[in-house]
Amino acid sequence: MGLLDIVPAGVVTGDNVKKVFDYAQKHKFAIPAINCTSTSTVNAALEAAKKAQSPVIIQFSNGGAAYVAGKAIDNKNQEASILGAVAGAQYVRSIAKAYGIPVLIHSDHCAKKLLPWFDGMIAADEEYFKAHGEPLFSSHMLDLSEEPMEENIEICLKYLKRMAPMKCLLEMEIGITGGEEDGVDNSDVDNASLYTQPEDIWEIYRRFSEVTDLFSIAAAFGNVHGVYAPGNVKLHPELLGKHQAYVKEQLHADSDTPVYFVFHGGSGSSIEEIKEALSHGVVKMNIDTDTQWAYWHGLRDFYEKNKDYLQSQVGNPDGPNKPNKKYYDPRVFIRAAEVSMVDRVIEAFGDLNTKNVL
């Protein structure tokens, strides 16, 4: 039985998100969550998932969402980020089913200072829910890991209570992911903050479960955002196994993986580290830095291959009056960037054991 025997193609929400995550844990794979900044990058991620026969998570960061809306829109009060995230989600909804794969729509890291962005997206979810009986987004992430733990939990619970009636999943972060991403710089944090404790996981699990079972936890186990050579990031995915065992003991549960864990800052991770994380119930892994490079790499290679045809509108090695439009048409060079990104995302599906699961 494949995943499409359990959930439909197109955007999935609510109980179907749980079914996807349960299936992932059972079969020990994680779903790549691809940060997207345009319809082009969304299309590349969906194309890769279709080719890999895998579910995929399309996610928008605060900055990425603002870029979707356009740089001419003022973002002082998060207007651009709200509009861009909503527009991106609506675009994904309009085409996802045609790709024949399950798709989750997610918003990435929302720090405390960005809560007006979160409010705007939740309002859009509530409006969509009234009309369609499900939220616009499948899930959202609150990243309050820089705040005191109790404040982190309390704010998350406030939003979780608002999201639960719509069956919209909340991803929260406890412990800090190092490095820098999307304007958030945690390069200088205390190393102790990079490792979450099992008692913290249980406290979150216990209190969130009183509201809903639609939540996931991005626990810190040495993760670092950005790009690093393998071996330079000291991950301890075995800690996730200890967290699961601790929660299982408190619950007196049968499942060895009661928690949906999320893997952030995976660039530079070894395949062995990724596989161990998967064995401990990781259901989602963020992919951003590597796909950005792949997109640029495709564009750069296109230029290097065709640069003699890209110096003027008319005139090239084939003749002084030969037109060059077929080389500078954006549909040509942007497609080259997409193809390169597709290849990198398919590689991620392989690393996360997600190929051919439909």
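A salt bridge here means a side-chain nitrogen of Lys or Arg within 4 Å of a carboxyl oxygen of Asp or Glu. Keep in mind that this is a predicted model.

**Exercise 1.** Find the distance between the closest N and O atoms of Asp329 and Arg331, and decide whether they form a salt bridge.

*Solution.* Start with the distance: the closest N and O atoms are 2.7 Å apart. The cut-off is 4 Å, and Asp329 and Arg331 do form a salt bridge. Elsewhere, salt bridges with shared partners join Glu150, Glu154, Glu203, Arg206, Arg207 and Glu210 into one network.

**Exercise 2.** Which helices does the salt bridge between Asp290 and Arg344 link?

*Solution.* First, the contact: the closest N and O atoms of Asp290 and Arg344 lie 2.8 Å apart. Then place the partners: Asp290 belongs to helix α10 and Arg344 to helix α12, 54 residues apart. Finally, Asp290 is partly exposed at 21%, while Arg344 counts as buried at 18%.

**Exercise 3.** Classify the aromatic pair of Phe118 and Tyr159 as stacked, tilted or edge-to-face.

*Solution.* The centres are 4.9 Å apart and the planes make an angle of 70°. Angles over 60 degrees count as edge-to-face, and that is the class of this pair. Phe118 sits in helix α5 and Tyr159 in helix α6, so the pair ties together parts 41 residues apart in sequence.

Note on methods:
Residues numbered from 1 in each chain as written. Predicted model: local features only at pLDDT ≥ 70, side-chain atom pairs only at ≥ 80, totals over all residues. Heavy atoms only, no water. Phe/Tyr/Trp six-rings, centres within 6.5 Å; stacked < 30°, edge-to-face > 60°. Helix = DSSP H or I, 4+ residues; strand = E, 2+ residues; numbered from the N terminus. Buried < 20%, exposed > 50% of the residue type's maximum accessible area, 1.4 Å probe, protein only.
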